[in-house]
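Here are my notes for a first look through this one. Open the structure alongside and follow the points in turn.

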Amino acid sequence: MLTDPIAALATPPGRAALAVVRLSGDGAFEVAKKVIVGFRAKPPRTARLAAFLAVDGTPIDRGLYLSFPGPASYTGEDMVELTCHGGVLTAARLLAALQAAGARPAAPGEFTRRAVLNGKMDLVQAEGVADLVDATAQIQARRALHQLEGGLSCRLTALREQLLGLLASLSYEVDFPEEDDGPIERSALVGELDTLLAAVERLLASAPIGERIREGALVVFAGRPNAGKSSLFNALLGSERALVTELPGTTRDTIEASVDLEGWPVRLADTAGLWEAPDRLDQLGIAVSRRYLDAADLVLLCVEVGLELEPDEMRILEHHPSFLVRTKVDLAGSRGQGIGVSILTGEGLDELKRRLVDRLFADGSGGYPDLEPMLTRERHLVALDRARDALREARPHLVQNGDAVLAAHHVRVAVSALDELVGVVDTDEVFERVFRRFCVGK
Ligand SMILES: Nc1nc2c(ncn2[C@@H]2O[C@H](COP(=O)(O)OP(=O)(O)OP(=O)(O)O)[C@@H](O)[C@H]2O)c(=O)[nH]1
Ligand SMILES: [Mg+2]
C-alpha cells in the first residue's frame, strides 16, 4: 500500500476568493515544514496563519493551515490543509512548492482511497462521497449524505454479521455431525436464512429507483413534428434551450438537459419529431430519437389537442413507459385522453411535473423512498444478486439431514459478495473501478 506524501488542489481551479490544497501521507509534516514558515503540527486541527514560500524562498502567499496528525484525519494519515488565495496562479504555485518539497501529485480519488484502506470508511461510503460531490438535485445530495454517513453500509454490515452467525451454527453441525441437536434447530436456521433472503431482496428491489436518483431519470419527448415538444421541453427546463418555430422539423438532433424537478433529478431529452423524413440528416436525427425512446424511463408522447392518434403514436404508448400529453390546450378542439398542457397559459404544467415525479420516483406503495438504504449502482446490484443466488442455493441443504458443509459453502459465497461490496477485501480491480471517476483532491 502506498503511503508516500501526496498533494492536490481540493477546490476547482480558477478565479475564487480562496483555494484549498491538501497534503497527506508519511512525511507530510516534513514536506509542510519546507513550505510553511514556522510550521508546527501541534496543536492539531487548529488554524494558524503563516507565510507560504517556494523551496527557493520566494514568497507565494500568506494563508491558514491546519494539521491533522493520523490516524485522526480524513485519510487516516498525517495531513495538512492549506488555504491560500484563489485564482489561477497562487494555488498552482503552492502545489508546485509542495511537490518540489517532496509530495507527489495525487491520483483521482487517492485521498478517499487511502481513507478506505485505513479503515476510515468503507467502499460504499466512498461512493457516497463521490455522489455528494456530483449531486445536482436535492434528493441526490440527501441520499448521498445518507450513504456517506453509513446508511447502506450499516444495513450491509448487519446482514454480514447475521450470515456469519448462521455460518457459526453450521460449523458446529459440521464439527459434531453425530449430535442429534445442534445448538440451534435446523428449522430455526431455515427461518433465519429466509429472513436474510428477504432483506437482500428488499435491497435489490430498491435498485431501480436508487439508480434513477443517482443518475437522473431519463424523460424523452416524442411526437409528430410541430407537436410542441420543444416548447414543453423548454417550459419544464425553465429556459429557452431548444429552438421553437412554427416550421415542422425544427428539432433535428436530440438535446439533453438536466433539471431539478421539485427536488428530483430528471434528464430531459427533446427529440426530432418522428415522421417519414425526406432528407438524410433528418433520418439520422430520427434514428437517434428511436434509440432515446428505448432508453427512456418515461416517454412524453406529445399530441396536439384535437388530433387523432396515429398508429406510430399508439405503438409508443403500448411499448414504452409513457404519458400521453395533449399540447396546446389553449387552442379549440376536443382534448380527448391525456394530460392537457398549454405553454401559452401555463395550464397543466404543474400537474405534469407532479405526475412525472410520482411515476418516476414513488415506490410501489405510493410513498417516496425516504431514508431507507438503497442500492445506487450496478456494482451494488451485481454483488447482492450474487448473495441472493448463493442463499437460495444454501436453502435446500439447510433442512433436517441436509448437507451442512454445502450449506456453509453457499453462505460463505454470500458473505464474500458482501465483503467485496463494502471493500473488506482489497481487490485492486474493485478499487480501481470505484475510484477511477473521482476528482483529484478528493
Ligand atoms: N397555441 C399554442 N401554440 C404552441 C404551444 N406550444 C407550442 N406551440 C407552437 O407550436 C409550434 C411548434 O412548436 P415546437 O415546440 O417547435 O414543436 P416541436 O414538436 O418541437 O416541433 P419539431 O421540432 O419541428 O418537431 C410553434 O409555433 C409553437 O409556438 C401552446 O401551448 N399553445
Ligand atoms: Mg422541436
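1. In β5, Glu81 is the bridge partner of Leu66. That pair belongs to the join between β4 and β5 (residues 79–87), two strands that run antiparallel and share five bridges. Keep in mind throughout that this is a predicted model.

2. Now move to the other neighbour of β4. Strand β3 (residues 48–53) and strand β4 (residues 59–68) are antiparallel too, and six bridges join them. Two opposite pairs are handy for finding your way: Arg48 faces Tyr65 in β4, and Ala51 stands opposite Arg62 in β4. The hairpin made by β3 and β4 has five residues between the strands, and there Gly57 takes a positive phi near 95 degrees.

3. Zoom out and you'll see where these strands belong. They are part of an open sheet of six strands with mixed pairing, ordered β3-β4-β5-β2-β1-β6. Which strands stand at the edges? They are β3 and β6 (104–105); each has a single partner strand, so one side of each has no neighbour in the sheet. Helix α1 (residues 28–35) lies across β2 (14–24), β3, β4 and β5, and its direction makes an angle of about 135 degrees with β2.

4. There is another sheet to look at. Six strands in the order β8-β9-β7-β10-β11-β12 make up an open sheet, again with mixed pairing. Its edges are β8 (255–261) and β12 (339–340), and since each has a single partner strand, one side of each is left without a neighbour. Inside that order, β7 (residues 217–223) pairs with β10 (residues 298–304) in the parallel sense, over five bridges. To find the pairing on screen, look for Phe221, which stands opposite Leu300 in β10.

5. Helix α9 deserves a moment of your time. It lies across β7, β8, β9 (264–270), β10 and β11 (322–327), and runs at about 155 degrees to β9. What does α9 (residues 229–237) give to the shell around ligand 1? It supplies three residues, the most of any contributor.

6. Stay with ligand 1 for a bit. There are 23 residues around it, and those that come nearest are Lys229, Ser230, Ser231, Thr251 and Gly273. Sorted by class, the shell holds twelve polar, seven nonpolar and four charged residues.

7. Next, a residue in a helix. Leu203 sits in α7 (residues 186–205). Is Leu203 buried or exposed? It counts as buried, because it has 23 C-beta neighbours inside 10 Å. Setting aside neighbours within four places in sequence, its contacts are Arg155, Pro373, Leu375 and Leu384. Leu156 is 47 residues away from Leu203 along the chain, yet their C-alpha atoms are separated by 9.5 Å.

8. Finally, the overall picture. The protein has 15 helices and twelve strands. Its radius of gyration is 28 Å, well over the 22 Å that the globule rule gives for 442 residues, so the protein is more spread out than a compact globule. The C-alpha trace spans about 80 × 75 × 35 Å along its principal axes. Of the 442 residues, 38% count as buried. Among contacts with a separation of 6 or more, 62% come from residues 24 or more positions apart.

Definitions and conventions. Residues are numbered from 1 along each chain as its sequence is written. Chains are lettered from A and ligands numbered from 1 in the order in which they are written. This is a predicted model: local features need pLDDT of at least 70, side-chain atom pairs count only at pLDDT 80 or more; totals for chains, interfaces and linings use all residues. A residue is near a molecule or strand if its C-beta atom, placed from the backbone, lies within 6 Å of it. Helices (H or I, at least four residues) and strands (E, at least two) are DSSP runs, numbered from the N terminus. Ala, Val, Leu, Ile, Met, Phe, Trp, Tyr, Cys and Pro count as nonpolar, Asp, Glu, Lys and Arg as charged, and the others, Gly among them, as polar. Two strands pair if DSSP finds at least two bridges between them. Two residues are in contact if their C-beta atoms, placed from the backbone, lie within 7 Å. Axes are lines fitted to C-alpha atoms, for helices over the stretch in contact, and angles run from 0 to 180 degrees between N-to-C directions. The radius of gyration is taken over C-alpha atoms; the globule rule is 2.2 Å times the number of residues to the power 0.38. A residue is buried if 20 or more other C-beta atoms lie within 10 Å of its own, exposed if 12 or fewer, and partly exposed in between; C-beta atoms are placed from the backbone.
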